[in-house]
Structures are given as C-alpha cells and as structure tokens.
Amino acid sequence: MIDYADPEVAGYCDVPGGRVWYRINGRDRPGAPLVAITGGPGLSHHYFLPLLRFAKDRPVVLYDQLDTGNADRPKDPSNWTLGRPVEELECLRAALALDRVIPVGHSWGGLVGYEYALAHPDRCAALILWSPFLSCARWTADTRDLIAGLPDYVQRLIAACEARGAYDDPAFEHANAMFAMRHVRVVDPRPPELARAASGFATELYNAVNGPSEFSLSGVVRGYEGIERIGELKTPTLFFCGEHDEARPATMREFAGRAPQAEMAEIPGAAHFSLNENPEATLAVLGDFLARHGA
C-alpha cells in the first residue's frame with residue numbers, strides 16, 4: 001500500500017521568474033533527500049506521490065516547476081530555457097537548507113536533474129534518471145523508429161500533418177494518441193495520481209520547450225545534446241525506463257554504459273510512466289539503489 005500522506009511541510013520558494021510550490025515528507029529522517037523533478041514540461045508533482053514510500057527513511061521533496069501545478073504561472077517565455085530550471089532547483093535546495101540531495105528527474109525533468117548534477121556535483125549524493133531526455137538526436141531517431149512500428153495509416157497521417165504543420169488537425173491528434181497508447185502510457189485507465197498531474201497540464205509551456213508532440217521537436221530542446229558530457233558525472237547514477245518506453249531501453253543501457261558509476265533497470269509492462277504503471281516493481285528498483293547509495 002502506497003502512503004499518500006499529507007505533507008509535513010508545504011509552501012512557496014522564490015526562484016528566478018517567480019515562486020515554485022513544494023511539499024516535504026520525512027523532513028527529519030537521516031537519509032539523503034529525494035527531490036523529484038517533473039516531466040513534460042507541464043505536469044504537476046502528483047504523479048511522483050509513490051515516492052512517499054521512502055519518506056520513512058529520508059526527506060522526500062516534491063515540487064511544481066514554474067508555470068505548473070501550484071506554482072506561480074507568469075507564462076513569461078523568457079523563463080522557458082534549459083538553464084533556468086537548473087537554477088530553480090538550486091534555489092529550492094538552498095531555501096530548504098538541504099546539504100546533499102538525490103535528484104529524481106523524469107523525461108524533461110531528467111534533463112534538468114542531469115544538468116544539475118553536472119553543475120553541482122558536490123550537492124548530489126546520487127542521481128536517478130527516469131526515462132530522461134538527454135539527446136535530441138537520439139530521441140528523434142528512437143521515436144521515428146517507434147513510429148515505423150505503428151499501423152501504416154497512422155504513419156501516413158503523421159507524415160502528412162507534419163509536412164503541413166497541421167498539429168491541431170484531428171488526424172494528427174489521433175495519430176499522436178496512437179503513439180502515446182504504445183509508448184507513453186500502456187496502462188488503462190490512467191492511474192489516479194497521473195490523471196491528477198495531467199489535469200492542469202501547462203500546454204503552452206510544453207509546446208514552447210518541447211514542441212507539438214513527443215516526436216515533433218521544435219522547441220528549446222531542439223539541438224540539445226547533453227549526452228556528450230555523460231562521462232563527467234561524478235555521482236552514482238540510476239537510469240530506469242519502461243519496457244515499452246519512448247525512452248527506449250537499449251538507449252538507456254547505452255547511456256548508462258557511458259557514465260562511470262551508472263546502472264540501468266527496465267520496468268516490465270510499462271512505458272514512459274513506469275512509476276505509475278508498475279509502481280511496485282519501480283519502487284523495488286529504487287529501494288535497492290537507495291539502500292546502496294542513499295545514505
């Protein structure tokens with residue numbers, strides 16, 4: 001049974017561009033704090049609630065990035081950069097007086113956590129990268145390979161709509177949904193904590209940073225190739241992803257093989273939201289890693 005207890009501490013923290021909202025459980029526990037970094041960008045903290053399982057041993061910090069969830073929503077495009085969320089995370093860590101933390105970044109949040117670990121290695125006790133976006137070129141190649149496995153008519157819809165830039169066409173929305181059913185979320189119905197996280201999704205932010213879909217990258221992540229620095233990681237690192245993930249297991253294994261202290265786990269029966277689709281298996285993987293690297 002996963003305990004979704006009310007937070008012991010909650011509030012707002014000033015960051016560049018506004019205020020983020022945070023919650024903490026296990027505030028006085030001795031283990032290195034987990035700090036969960038949401039994906040999208042655009043999702044709220046709620047889909048990370050299963051991490052509260054670890055609050056018996058360590059602080060668990062969930063927060064809403066600027067323009068998402070309970071955070072301020074200035075909707076200022078000057079905030080929608082690759083570097084500002086890294087500053088945001090450091091501001092939050094300092095404001096909460098946390099010494100060394102374990103960033104847990106999902107997808108877009110994996111990029112943020114990865115860049116944070118490179119910029120602040122002395123502040124990271126370990127690093128957990130859940131289906132991270134670390135290379136635009138590799139993500140694009142992988143998603144195109146996955147599209148090639150969709151029905152022919154779906155492939156034709158995607159090609160035709162992309163050629164016209166018709167991303168609001170119902171045909172493209174249908175094709176995008178077909179991709180998502182295979183490689184974003186394979187569990188139906190949507191787990192409740194994931195449904196809550198998506199209920200106030202920041203679409204404008206997502207489109208500006210990512211683009212109109214998971215495979216049509218036209219936002220600020222276009223051209224990002226952080227993986228070139230993966231050998232510089234100085235912390236024990238866990239990569240994990242779902243069996244059917246758009247962040248493909250083979251790619252995650254390759255990335256882990258480039259990092260000096262990294263390991264990789266594949267979660268069966270899950271896609272891009274393995275913590276929600278197969279929480280028990282995912283929490284077991286995380287628990288094992290934290291037992292070895294989370295003191």
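**Burial, contacts and a helix face**

Author: Tyr 114 is buried, its relative accessible area being 0%. This is a predicted model, in which local features need pLDDT of at least 70 and side-chain atom pairs count only at pLDDT 80 or more, while totals for chains, interfaces and linings use all residues. Residues are numbered from 1 along each chain as its sequence is written, and side-chain values use heavy atoms, with hydrogens and water left out.

Reader: Why is Arg 93 called buried?

Author: Buried means under 20% relative accessible area (1.4 Å probe, protein chains only). Arg 93 has 9% relative accessibility, and therefore counts as buried.

Reader: What makes the link between the side chains of Arg 93 and Tyr 116 a polar contact?

Author: The term requires a pair of N or O atoms within 3.5 Å; within protein, one must be able to donate a hydrogen and the other to accept it, and residues adjacent in sequence count only if both atoms are side-chain atoms. The side chains of Arg 93 and Tyr 116 are joined at 3.5 Å, so this pair meets the distance limit.

Reader: Which residues does Tyr 114 touch, not counting those up to four places away in sequence?

Author: Among them are Leu 127, Tyr 224 and Leu 233, where contact means heavy atoms within 4.5 Å.

Reader: How do you know that the buried residues of helix 3 lie on the same side?

Author: The buried residues of helix 3 are Cys 136, Trp 139, Asp 142, Thr 143, Leu 146 and Ile 147. They cover an arc of only 140 degrees around the axis, which places them on the same side of helix 3; the arc is that of the directions from the helix axis to the C-beta atoms.

Definitions and conventions: Buried < 20%, exposed > 50% of the residue type's maximum accessible area, 1.4 Å probe, protein only. Helix = DSSP H or I, 4+ residues; strand = E, 2+ residues; numbered from the N terminus.
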